[in-house]
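Let's take a friendly walk through this protein and look at how some of its side chains meet. Keep the 3D view open as you read.

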Amino acid sequence: MSSEGSRSGRSGHLVRGGLVGLVAGGAGLAVGELVAVVTGEASSPAVAVGQWAIGHTPTWLEQFAIRNFGTGDKRMLLIGVYAVLALASAGAGVLARTRLTAASWVAACFGLVGMLAAATRPNAGLSYLLPSLLAGVTAVLVLRWLTILAAADSDERAGREERRRFLLGILGTAAGALVGGFGAKAWIDSRYDAEAARSTVVLPKPETALAEPPASVHPNVSGLGPFFTPNSQFYRVDTALSIPQVNPDTWKLRIHGMVSRPFEITFDELLKYAFEEHDMTLTCVSNPVGGSYCGNARWLGTPLAPLLRRAGVQSGADMILSTSTDGMTIGSPVEATLDGRQAMLAVAMNGEVLPVEHGFPCRMLIPGLYGYVSATKWVTDLNITTFASSSAYWTQNGWSPQGPVKTASRIDVPSDNGTVSAGTVTLAGTAWATHRGIAAVEVQIDKGAWQEASLAASDTPDTWRQWVYQWPNAARGSHTVAVRATDGTGTTQTSVVADPVPDGATGYHTITVQVA
Ligand SMILES: Nc1nc2c(c(=O)[nH]1)N[C@H]1C(S)=C(S)[C@@H](COP(=O)(O)O)O[C@H]1N2
Ligand SMILES: [Mo]
């Protein structure tokens, strides 16, 4: 009797409808994933919708996600996409018990949303529509079929046969969807792995070997990060849901647009250019005051200037609109690549072939500019154009077209709210004003007078400069410590507090220290 009740009772209806919807949605997703094995990962329904959402996330929400999830923000987004899909599928399943046609349309709409998202992907062709189209069709068919089986099973005259059919149908489909979906995902992931190609790249030798910077670039303070950020710890900021896997054998760089002699080069041809090593700090415009989206590395690259001269930049052109394999566009001032600074196409980072997540096989770098206007990873196309006629991805999302790095300083030791013992307390951190260099760092305790910190040796004006300050006679209690830097032009960091949007955060990094 009780089983009969749950089969036709109200909550039984909801649960069975929800399950039917979930399985139908899952079957659709699995079919989408399977088709994407052929049409490409970017066309898979979940990836297409997630990637579309990344491009359309309002900047405030994106900043929130970066603050709270850091580099895990992408995983959160995919979880969000799956959660919305699961809820909607379950809802469609419940609706199907009374309104099968309406519910079928809901399922079809999900296929449509996937198709629309896939159509907006860079390099999207007609084949990009297939995974979501077939996913939608599958979801509708499975939804209708399982709803009919479920209805037969809940009928008063239903017997063992109806129950058997329904259970077999729903469990079989669920198992098939899980195996098919996860199998297809694994298949896609294993199809091309840039890591193997990366391990066979022979790095070119720099024209002149660059000496190691003196040991004195790094004050030996425990808790202070090293002068060069290890690749494994280097921050990562990009919009890629899955890291682009670029094959260096088919990689090409095209330089075109407002140039007299457009050309294209292969990776082997690129490696025949003159290479140089350069130490440079890279930082992100979305780094909050005191944040960690800043890293320092020794890069090996070929200067951009000779490449641009070979192409012959026409007068009036002031922007390099670079594009990556994943469709990211970044606009950089032509001027910054021709004024003598070491703007380069980099192929190595800290003595290692560029890591895949940092742009393998080739990325752009321009000292003095935030990454969003200079540091295109997986770059394949340089379109010489004008700021007046073109706009890049981030600019369309509310960021400023121009992004010179603002002077910034950070207290790394002790950590915010850390406890230290009374007496002499060692404060240490880093400061950067990429391409202008750091001339001074000052520390302020409890809003008192600014005290000059000791600067570590300078490597290049393009690198950050670490600092130490021995705070004498720190008394027990809670104290605030602030820091500010002066750049190589003599300009001191502004105290005015500004958000990262639109062109970089300002204000003094201030921490609380408990002296015990
Ligand atoms: N293709 C691509 N390149 C990109 C980005 C991106 O999203 N896609 N992000 C840029 C931004 S905003 C920054 S700060 C730097 C970060 O480089 P990293 O991840 O190697 O630290 O890469 C830049 N290059
Ligand atoms: Mo950035």
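## Aromatic pairs

Searching the whole structure, which is a predicted model, turns up 10 aromatic pairs. In one of them, the ring centres of Phe234 and Tyr235 are 5.5 Å apart and the planes meet at 20 degrees, so this pair counts as stacked. Phe234 has 6% relative accessibility, so it is buried. Tyr235 is buried too, at 12% relative accessibility.

Now find Tyr372 and Trp399, an aromatic pair that is tilted, with 6.2 Å from centre to centre and 55 degrees between the planes. The two residues are 27 residues apart, and their pair links distant parts of the chain. Tyr372 sits in the loop between strand 9 (363-365) and strand 10 (379-385), while Trp399 sits in the loop between helix 13 (393-396) and strand 11 (408-413). Both Tyr372 and Trp399 are buried.

Which residues do ring pairs link into a cluster? They are Phe234, Tyr235, Tyr293 and Trp299.

## Charges over rings

Rings can have charged neighbours as well. The charged end of Arg310 sits over the ring of Phe263, 3.8 Å from the ring's centre. Likewise, the charged end of Arg484 sits over the ring of Trp450, at 4.2 Å from its centre.

## A buried aspartate

Look next at helix 7 (residues 130-154), where you will find Asp153. Its relative accessibility is 0%, so Asp153 counts as buried. The side chain of Asp153 is joined to that of Arg16 by a polar contact of 3.0 Å.

## An annotated domain

An unreviewed UniProt entry annotates residues 241-391 as "domain: Oxidoreductase molybdopterin-binding". This span is 11% helix and 38% strand, and its end C-alpha atoms lie 23 Å apart.

Notes. Residues are numbered from 1 along each chain as its sequence is written. Chains are lettered from A and ligands numbered from 1 in the order in which they are written. This is a predicted model: local features need pLDDT of at least 70, side-chain atom pairs count only at pLDDT 80 or more; totals for chains, interfaces and linings use all residues. Side-chain values use heavy atoms; hydrogens and water are left out. Helices (H or I, at least four residues) and strands (E, at least two) are DSSP runs, numbered from the N terminus. Buried means under 20% relative accessible area, exposed over 50%, partly exposed in between (1.4 Å probe, protein chains only). A polar contact is a pair of N or O atoms within 3.5 Å; within protein, one must be able to donate a hydrogen and the other to accept it, and residues adjacent in sequence count only if both atoms are side-chain atoms. UniProt positions are given in the numbering used here, feature names are shortened, and annotations may be inferred rather than shown by experiment. Rings of Phe, Tyr and Trp (its six-membered ring) pair if their centres lie within 6.5 Å; planes under 30 degrees apart count as stacked, over 60 as edge-to-face and the rest as tilted. A charge sits over a ring if NZ of Lys or CZ of Arg is within 6 Å of the ring centre and within 35 degrees of the ring normal.
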